[in-house]
Amino acid sequence: MEFLIVAIGIFFVAVHALERFNKRQNIRCTTTAFRYYGAAGVYVAAYQAVFLGLIFAPELLKFFPEVLGSFSLSPDEVAAFSFSNQQSDLYRVGTLTICAVAVCKVLSTIPGVSNVDRGAIKVLHRLALIPFEALRFSRELQSLPLQVSEQESQEANKVLAGHGVSETDLRQMEGSPLLSSWIKGYVCLQRIERWRLDHQFAGFFHEREGQYQRLTNAFERLTKLGVGIYNLNNRLDGNMKVEEIREASRRMEDSFQSGLDDFIAECCDFVSQAILSCCYTNGDRLQRIREFGFAYSGRFAAPGFSHDKIVATFLVLLVGMLTIFLGLQSDEMRAHRALLLPVMITLSYVIAMLVALYCRTYFTLCRATADRPLPFSGYLLAALIATGLSAVLQVAFLASFFISDSSLIAALQQSWARFVSGAWVYRIMTFAATMLFAYLLDARLFTRFRPALRGLANGAVLAAGLAFAALLVYAIGKELGRVDRVWTLFDVVLPQWLLQVFIAMTCGTIMGFVVPFLEGGEGARSRPGSDPGLMEAEPEGAAVVHLNSRGRSAG
């Protein structure tokens, strides 16, 4: 029951934190899913830390007498709660949970705290590129050629013919900037209409029905304006002295072109937000934008940042760790520990890989350049982030070892006490793994070998580095007074230090093997979309309409 009450409190705090993080509407569609959920997760975790801190240290609630007063509780009464008293656990935890949730609700209204809260949201939005990724992506789409098939051109001409434009005049206007821009707008709207019928974009179009209708109405008005200009020019006789009317017609054409430019920019904004909102993987985003007709060569993540490779590595690591721990013949290695420990170790090393790849992709400090081929300051930043995340993971897993013998609160307290008393030393392995993995991604060692041989060679390097780190962890652990055990692995007697080295080398070999498949090409070090050699070939028989940065036809 205690666990259920605290879990309910965690849920309400998470909902409140997400509402605070999403103060501006539709921010999810302004960046990639990974960036958004990463930034939102950090913000929610900060609120959860405050909530759990109030649960663990109820004396902090005395600083919020207004909240306690609304529950008819005095600050001294709540601050006197301790986890060793004789009160009902249900009453104690329930009261603390309600008070802690209330404090989290009013925390953002306190003058000093509210400034910190707004600053944290602003920083996290910038780190997640909210809303800058959608704006950048839209501008990039506006600068790209759009492939228009012959069938689509004929359909566009039929629409104009339905408004009274003759086929002869259409042939004469073929290739003109105004007609090219109008065809591009028509094709964009038709392809957006097809997405409207796609189940993947159903939720997005439901939320943006008004914006879609505005696009449709705007294009209808532009079409009528363009037909009006065409009819006006047809009525003008070249022998008549109507320069004033001709000048007015030219101004109308400029206004028409400007309207088309703005319309195409709006379409690109709509398309970019639809893709960022509904496509969760890099491959899906690239496929969708190329199906739309843009010859897009940019990447939303560094080459090789492949989810399937990461998942495959996780599974191989997990199988290796499960094999080792299930083979340990020890009374201390109870069944649940033999399963939880390998999961925790595997996740720690996967966190090291993910953070190294993520920082290399999205942080300039961590990205190799011609002037800075090995950014060690970036490696250090990635290692510190990964170490912090794995420390939180370790505390949570340690609590699971005690949960069967005590309440959730007591289990978390025991977990934290064990972590600060010496279990933290194993986070050195995460730090070392992140540093070495990030280095190998940029160092590009053994390039003369085939990928498989390169993987084995990189695995040997990473295994050696982690073996040294394991010996360091063992030495520090002995200084901290940790027990030096002797283990039996499949009838083989291993001292503590040798078992740690064996586990580290196993993980290092597996992680190092995938380095050649994750490091990416040279284009990973340049700006996405800057390499013209990556541009897909334009299909034969397709007309290509080029735009400049404002969306104006360039011919």
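Buried here means under 20% relative accessible area, exposed over 50%, and partly exposed in between, with a 1.4 Å probe and protein chains only. This is a predicted model, where local features need pLDDT of at least 70, side-chain atom pairs count only at pLDDT 80 or more, and totals for chains, interfaces and linings use all residues. Residues are numbered from 1 along each chain as its sequence is written, and side-chain values use heavy atoms, with hydrogens and water left out.

Cysteines, then. Cys 268 is buried, at a relative accessible area of 1%, and Cys 359 is buried too, at 2%. With a disulfide defined as a pair of cysteine sulfur atoms within 2.5 Å, the structure holds zero disulfides. For Cys 268, the closest cysteine sulfur is in Cys 188, 5.8 Å away, which is too far for a bond.

Next, the pocket. On a 1 Å grid over the protein atoms alone, a pocket is an open set of points where a 1.4 Å probe fits, with protein on both sides within 12 Å along at least five of seven lines; lining residues have an atom within 4 Å of a point. Volume is the space filled by probe spheres set on the points, which are joined across faces, edges and corners. The largest pocket comes to about 1400 Å³. Its lining has 38 residues, and those closest to the centre are Gly 41, Ala 45, Gly 388, Leu 389 and Val 392.

Where does the largest pocket lie? Domain 1 (1-129) and domain 3 (307-520) both give residues to the lining, so the pocket lies between them; the domain bounds come from an automatic or database assignment.
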